Amino acid sequence: MKPETQNHLSLTKLFMQNRIITLDEFIIRRQQEHNFATGELTGLLRDIGVAAKIVNREVNKAGLLNILGAVGNENLHGDTVQKLDIYANEKFIECLRNSGECAGIASEENEEFIPLPPLHDKASKYVVVMDPLDGSSNIDVNVSVGTIFGIYRRVSDPSGPVKQEDFLQKGTDLVAAGYVLYGTSTILVYSTGNGVNGFTLDPTIGEFCLSHQNIQIPKRSNYYSLNQGYYLKFDIEMRRYIDHCSDSNMQLRYIGSMVSDIHRILFQGGIFLYPNTRKYPKGKLRLLYECNPIGFVVEQAGGKAITCQLERVLELEPNGLHQRVTVAMGSPEMVDEMKAFVEKYSA
Ligand code: AHG
Ligand code: MN
Ligand code: MN
């Protein structure tokens, strides 16, 4: 039997026996499945887990430390920056800088990518894209927020510093992607292109433990998720689709944190949409930091991720670090249905 199959079987067996499998153990076992694995990706995923625990600690005690509230300035995109956005951004950068497993980071909170010097003369072959705190307008009112990350193998010469081309890769080139949801419990969900698994943080032992193995998104459900307040700002074909959702008595669920809305859809099914509006003619969400990593996870769970112009998100050729795109993702049959509406009414 191939080592890959053995590992899968033993992980499933242990999971079925209710044996605790920590994120670290899981990552190491999975690493053995890849012949080319050097341990670097393993290290990088572990570092992201560590940064997530640190950010989680601050999210949980945010009110106590008077860390809540806007700093008073705006980020690159004109959104109000919250203190915790900055904290999360700094913590993730610090953890990845100290680990030596990452050659550079592109973050929603930084205009330019950040090259990280090699530690001990060992150049890393990976770069990270991230939205350090997603849903930040929800922080002040104790509603769930998240972190989104994606990992690419760098394409520039590893003996020199990283270049923009290392980050401007298509979603199909992602080596791994995932998110952390700081919710009623904290959960880290990720994929290395071989299914999707979820790890819930057990605060008593300070470890992410395997809680959701091989997550499969339901083919359809009764939920749709978008900011319906912008209805009149949507294109006519999108309005017809929304009319259809509400005519068919579908239930609207919208938290306003993409990570939270997607997390619900991964487990209960549904479709998440952020179409173009007059304010955001190309959509609001960022291709590199939000739509590609989340689209990767959704596809790995059996879902679909397209733009409202009906291209597959992961196949888009990025043209800028902070590029925005429209998005429709979630249960495969629901994304297909939305596509059919747009095709019909834009014809
Ligand atoms: P961020 O906090 O990283 O800027 O992301 C907020 C995003 C996303 O999480 C959410 O789906 C969307 O903005 C909500 O936008 P609206 O308030 O326009 O609905
Ligand atoms: Mn975001
Ligand atoms: Mn953000």
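This is a predicted model: local features need pLDDT of at least 70, side-chain atom pairs count only at pLDDT 80 or more; totals for chains, interfaces and linings use all residues.
Colleague: Let's start with the metals. Which residue bridges the manganese ion (ligand 3) and the manganese ion (ligand 2)?

Modeller: Happy to begin there. The manganese ion (ligand 3) is coordinated by Glu-108 (OE), Asp-131 (OD) and Leu-133 (O), at 2.2 to 2.3 Å. The protein donors of the manganese ion (ligand 2) are Asp-131 (OD), Asp-134 (OD) and Glu-290 (OE), at 1.9 to 2.2 Å. The two ions lie 3.8 Å apart, and the residue that bridges them is Asp-131.

Colleague: How are the donor residues of the manganese ion (ligand 3) spaced in sequence?

Modeller: Glu-108 sits in the loop between β3 (104-107) and β4 (114-115), while Leu-133 belongs to strand β5 (residues 126-134), so this pair ties together parts 25 residues apart in sequence. Asp-131 is also a donor to this ion. Written as a pattern, the spacing is E-x22-D-x1-L.

Colleague: And for the manganese ion (ligand 2), how far apart along the chain are Asp-134 and Glu-290?

Modeller: The donor residues of this ion follow the pattern D-x2-D-x155-E. Asp-134 is in strand β5 and Glu-290 in helix α8 (residues 287-300), so the pair links distant parts of the chain. The separation of Asp-134 and Glu-290 is 156 residues.

Colleague: Turning to the helices, are α2 and α3 roughly parallel or roughly antiparallel to each other?

Modeller: The axes of α2 (residues 23-31) and α3 (residues 40-60) come within 10 Å and cross at roughly 165°. An angle over 145 degrees counts as roughly antiparallel. The crossing is right-handed, and the two helices are therefore roughly antiparallel.

Colleague: How many nonpolar, polar and charged residues does the contact of α2 with α3 have?

Modeller: From α2 come Leu-23, Asp-24, Ile-27, Ile-28 and Gln-31, and they meet Thr-42, Leu-45, Arg-46 and Gly-49 in α3. Sorted by class, that contact has four nonpolar, three polar and two charged residues.

Colleague: What about α6 and α9: at what angle do they pack?

Modeller: Helix α6 spans residues 236-247 and helix α9 spans residues 332-346, with their axes 8 Å apart. Their angle makes α6 oblique to α9, and α6 passes α9 in a right-handed crossing. The packing angle is about 135°.

Colleague: Which residues in α9 do the α6 residues meet, and how does that contact divide by class?

Modeller: The α6 residues are Glu-237, Met-238, Arg-240, Tyr-241 and His-244, and in α9 they meet Met-334, Glu-337, Met-338, Phe-341, Val-342, Tyr-345 and Ser-346. By class, the contact of α6 with α9 has seven nonpolar, two polar and three charged residues.

Colleague: One last residue, please. How does Glu-207 count in terms of accessibility?

Modeller: Glu-207 lies in strand β10 (residues 207-212). Leaving aside neighbours within four places in sequence, Glu-207 is in contact with Thr-22, Lys-53, Thr-200, Leu-201 and Asp-202. With a relative accessibility of 26%, Glu-207 counts as partly exposed.

Key
Residues are numbered from 1 along each chain as its sequence is written. Chains are lettered from A and ligands numbered from 1 in the order in which they are written. Side-chain values use heavy atoms; hydrogens and water are left out. Axes are lines fitted to C-alpha atoms, for helices over the stretch in contact, and angles run from 0 to 180 degrees between N-to-C directions. Helices (H or I, at least four residues) and strands (E, at least two) are DSSP runs, numbered from the N terminus. Angles under 35 degrees count as roughly parallel, over 145 as roughly antiparallel, 65 to 115 as roughly perpendicular and the rest as oblique. A crossing is left-handed if the near helix is turned anticlockwise from the far one by less than a right angle, and right-handed if clockwise. Contact means heavy atoms within 4.5 Å. Ala, Val, Leu, Ile, Met, Phe, Trp, Tyr, Cys and Pro count as nonpolar, Asp, Glu, Lys and Arg as charged, and the others, Gly among them, as polar. Buried means under 20% relative accessible area, exposed over 50%, partly exposed in between (1.4 Å probe, protein chains only). Donors are N, O and S atoms within 2.8 Å of the metal (3.2 Å for Na, K and Ca); water is not among the atoms, so sites may look incomplete.
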